[in-house]
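Look at the structure below before reading on.

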Amino acid sequence: AKLVLVGEIFEGKDNSGNTVLTGEVKNVGNKRADFAKIIFTFRMNWQGETKSLTTFINGVTNTFNTGISSDNSILPHAIGNFELIIPSSFGVFIGYKYDVDWSQYDQ
């Protein structure tokens, strides 16, 4: 599996004044990506202080041998979308970076 961002991450506001980040991720690999998520690291000031938030990517539901089900599996060549709501209480940030993360299971 290999997940990559498709296009840009869009930034908006909801009715409560929270910042909302949305986008799409594509699995360009040949195996399923399980428990797919994006970890955002926000730079809060010029002194280098950071805070992190994680959001899962919406995919297909898969039930593993352990009996655990997840709706965050991205099939090969499929696209999943994500939405991260950053509460207004989070504070002002001056930028962010992100890492796409997933696990890969045989079943």
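## Salt bridges

A salt bridge is a side-chain nitrogen of Lys or Arg within 4 Å of a carboxyl oxygen of Asp or Glu. Searching the whole structure gives two salt bridges. Side chains of opposite charge can pair when their charged atoms come close.

The model is predicted: local features need pLDDT of at least 70, side-chain atom pairs count only at pLDDT 80 or more, and totals for chains, interfaces and linings use all residues. Residues are numbered from 1 along each chain as its sequence is written, and side-chain values use heavy atoms, with hydrogens and water left out.

## The two pairs

Arg-32 and Asp-34 form a salt bridge through their side chains, at 2.6 Å from N to O. Asp-34 is buried, at 0% relative accessible area (buried means under 20%, exposed over 50%, partly exposed in between, with a 1.4 Å probe and protein chains only). Arg-32 is also buried, at 16%.

Lys-37 and Asp-101 form a salt bridge at 3.0 Å, N to O. This pair links distant parts of the chain, 64 residues apart: Lys-37 lies in strand S3 (residues 34-43) and Asp-101 in strand S8 (residues 95-103). Strands are DSSP runs (E, at least two residues) numbered from the N terminus. Asp-101 is partly exposed, at 31% relative accessible area.

## An open sheet

Three strands form an open antiparallel sheet in the order S1-S2-S7. Strands S1 (3-13) and S7 (79-86) are the edges, each pairing on one side only; two strands pair if DSSP finds at least two bridges between them.

Strand S2 (residues 19-27) and S7 run antiparallel and are joined by eight bridges. Lys-26 stands opposite Ile-79 in S7.

Methods:
Helix = DSSP H or I, 4+ residues; strand = E, 2+ residues; numbered from the N terminus.
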